[in-house]
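Me: I want to know what stands behind the labels used for this model. Please take me through them.

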Amino acid sequence: MIQAGDKLPSVPVKLVDANGVSDADSAGILGQGRVVLFGVPGAFTPTCDTSHLPGFIGAADRIKAGGVNRIVCATVNDHHVVKAWAERSDALGKIDFIADAHGRLAEALGLAKNFGDLGRRYARFAMIARDGVVQQVFVQDVAGVTVSGAPAILLALQGEVVA
Ligand code: BEZ
């Protein structure tokens, strides 16, 4: 699994943002300035849809005010599904999305996890990176959204320890 100090990998993905859908490279999306990346098991899945993503949408202005250039949500879904989720969640302009349909970035990060009927998806996580280098990673090992959620990331950005 990727750790603090590691460089973020370069793999082909689709970027879904306020400009639409484009082919992109993960390192290009994540490599400039201070970036918060969070990964979810799936677009429209219950906890991702009602808690994890809305938490980052609601905190986006405060996170960016703390010096973050970009907040990115990664999920192993195709770009049509990701675009529909982003639009329905009113996230575009606040959160950019990586549609990682093949799970290439999830596997390269060492953050892919088997979710039974859903197949291999992202383990729920969040990380802070600067100029393409990971600073902190928070993997959600228990149910729900605690260490990987927006409040925990806000605390981490303020330099506080998150249990
Ligand atoms: C969710 O609630 O987000 C979820 C449920 C089952 C598998 C993965 C995610």
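Reply: Below, labels are set against their definitions.

This is a predicted model, where local features need pLDDT of at least 70, side-chain atom pairs count only at pLDDT 80 or more, and totals for chains, interfaces and linings use all residues. Residues are numbered from 1 along each chain as its sequence is written, and side-chain values use heavy atoms, with hydrogens and water left out.

Me: Why is aspartate 23 called exposed?

Reply: Exposed means over 50% relative accessible area, buried under 20%, and partly exposed in between (1.4 Å probe, protein chains only). Aspartate 23 has 63% relative accessibility, so the exposed label applies. Lysine 14 has 26%, and therefore counts as partly exposed.

Me: How do you know that aspartate 23 and lysine 14 form a salt bridge?

Reply: A salt bridge needs a side-chain nitrogen of Lys or Arg within 4 Å of a carboxyl oxygen of Asp or Glu. The closest N and O atoms of aspartate 23 and lysine 14 are 2.7 Å apart, so the pair meets the cut-off. Side chains of opposite charge can pair when their charged atoms come close.

Me: What makes lysine 83 and glutamate 87 a salt bridge?

Reply: Their closest N and O atoms are 3.0 Å apart. The structure holds five salt bridges.
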